[in-house]
Amino acid sequence: MNTKLQLKVIFFMQFFIWGCWLITFGSYMNDVLSFSRTDIGLVYGSMGLASLFMPGLLGVVADRWIPANRLYMLCHLIGAITLCIAALITSPSMMMIVMLIHCLAFMPTIAISNSIAYSCIESKGLDVIAEFPGIRIFGTIGFIVAMWLVSFLKFDLSNMQLYTAAAGSVVLCLVSLTLPLIPTSKNAIKEKSLISSLGLDALVLFKQPRMAIFFLFAVLLGGILQITNTFGDQFLRDFRNIPIYETSLVVKYPSVLLSISQISEVVFILFVPFFMKRLGIKYVMLISILAWVARFGLFAYGDPSPIGFVLLLLSMIVYGCAFDFYNISGSMYVEKSVSPNIRNSAQGLFMIMTNGIGAYLGSVISGIVAEHYTQIIDEKQITDWHTVWLIFAGYALVLALIFMVIFKNDTNEQKTAEAVS
């Protein structure tokens, strides 16, 4: 198996595991376990808590002591065990604890998989910006396959989604053994700074005003990324409370409809290198934020009626742009902005900002907002999703305006954009 094929399989399985439960787990907790929206937000917030320090910490471990692919295998083994335990839990507090342990192992693997790919691509003398999107796209395909599998097997309201993800984790452990060994960085310098000794090398990036602003918006955008993962499936299922929609395909197969978001990713990820080279990181990220405004706005007015369904469908399509133009381009931007000896640490820091602080705040706050606009009517849980989505759309719009004013492309990016145009 050649290296590029190995990496494609790794990314496929990495996101297959996540796709088995990320979108549908909230509905399982709400409908089957009767958790409140706040409880659900807190459980999803465990991803953010885990990402506050574990990606950076394990990034340092991979940089210095344990080869990245071996560490990657160990994390997924722990992930498989914790998913099996979570499948047996019915208590909100215990679910939060076990999913936190799971995320402590799983979340760092997203950054580590990126670093493994960058290292393998460079070792073959290939261009990361040109080659990585074509490999990373298989992660999105894996996510889609998992969502369809869980939906059509009717696992979306069952703990079987967790067992399926656990099985995928075991498979990925075995596949990761086939990867070439990723060498650690042997620093021969005896006198090191305190930051270097603690493995916090990537924190020096905050000394650069432009990088500091970039990471600040990584936090603010990270909150947006998590909101529809937490409540998108529940939003679509809640149309069952309206008699004329209760038998619609939107209610029966919400995961299939949401998977169009990931299918859209497959398309938009291929445009990332094109726009990165022509517009630079500022305008690529600005497009992403505006796409989030559209995503939430279309959710606010969408429903299973013919016209409303078109709006829902458009919301799924713009998600690909919203996600890829920030998440993939952001990772690539960090990669080209740092030296190789802190690559893993820098990717871990990016994860901390996005999937750590940002995701935690997004999960918890969205849970509180959804709970605030939820009431029990005729023994049914009714949420004013229209207002909820408009609140999030307004937040994204304000974020876009602020970002446009304070973030600048660097000189080299500007010159490249002008030359291409």
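**Core, helix packing and selected residues in a predicted model**

The largest nonpolar core holds 133 residues, and those with the most contacts inside it are W18, W21, F25, M29, M95 and F214. A nonpolar core here is a set of buried Ala, Val, Leu, Ile, Met, Phe, Trp, Tyr and Cys residues joined through side-chain atoms within 4.5 Å. Buried means under 20% relative accessible area, exposed over 50%, and partly exposed in between (1.4 Å probe, protein chains only). Helix α6 (residues 92-123) gives the most to this core, with 14 residues. Helices (H or I, at least four residues) are DSSP runs, numbered from the N terminus.

The model is predicted: local features need pLDDT of at least 70, side-chain atom pairs count only at pLDDT 80 or more, and totals for chains, interfaces and linings use all residues. Residues are numbered from 1 along each chain as its sequence is written, and side-chain values use heavy atoms, with hydrogens and water left out.

M95 touches F25, M29, L33, F35, V43, A86 and I89, not counting residues up to four places away in sequence. Contact means heavy atoms within 4.5 Å. One of these partners, L33, is found in the loop between α2 and α3. L33 is buried, with a relative accessible area of 14%. Its C-alpha atom is separated by 6.1 Å from that of T90, 57 residues apart along the chain. Neighbours within four places aside, L33 is in contact with Y28, I89, T90 and M95.

S34 is in the loop between α2 (25-32) and α3. S34 is exposed, with a relative accessible area of 60%. Phi of S34 is near 60°, a positive value in a residue other than glycine. Most residues other than glycine have a negative phi. K154 also has a phi near 60°, and K154 is not a glycine. K154 is placed in the loop between α7 (128-152) and α8 (160-176). At 48% relative accessibility, K154 counts as partly exposed.

R37 lies in helix α3 (residues 37-51). R37 is buried, with a relative accessible area of 0%. Leaving aside neighbours within four places in sequence, R37 is in contact with N30, F231, Q234, D238, G367, A370, E371, T374, Q381, T383 and W385.

Helix α1 (residues 3-21) and helix α5 (residues 68-86) pack at an angle of about 20°, with their axes 13 Å apart. That makes α1 roughly parallel to α5. Axes are lines fitted to C-alpha atoms, for helices over the stretch in contact, and angles run from 0 to 180 degrees between N-to-C directions. Angles under 35 degrees count as roughly parallel, over 145 as roughly antiparallel, 65 to 115 as roughly perpendicular and the rest as oblique. In this pair, I10, Q14, I17 and W21 of α1 meet Y72, H76 and L83 of α5. By class, the contact has five nonpolar, two polar and no charged residues. Ala, Val, Leu, Ile, Met, Phe, Trp, Tyr, Cys and Pro count as nonpolar, Asp, Glu, Lys and Arg as charged, and the others, Gly among them, as polar.

M353 lies in helix α15 (residues 343-372). At 10% relative accessibility, M353 counts as buried. M353 and L221 are 132 residues apart in sequence and 9.2 Å apart in space, C-alpha to C-alpha. Beyond neighbours within four places, M353 is in contact with F206, F215, A218, V219 and G358.

Note on methods. Helix = DSSP H or I, 4+ residues; strand = E, 2+ residues; numbered from the N terminus.
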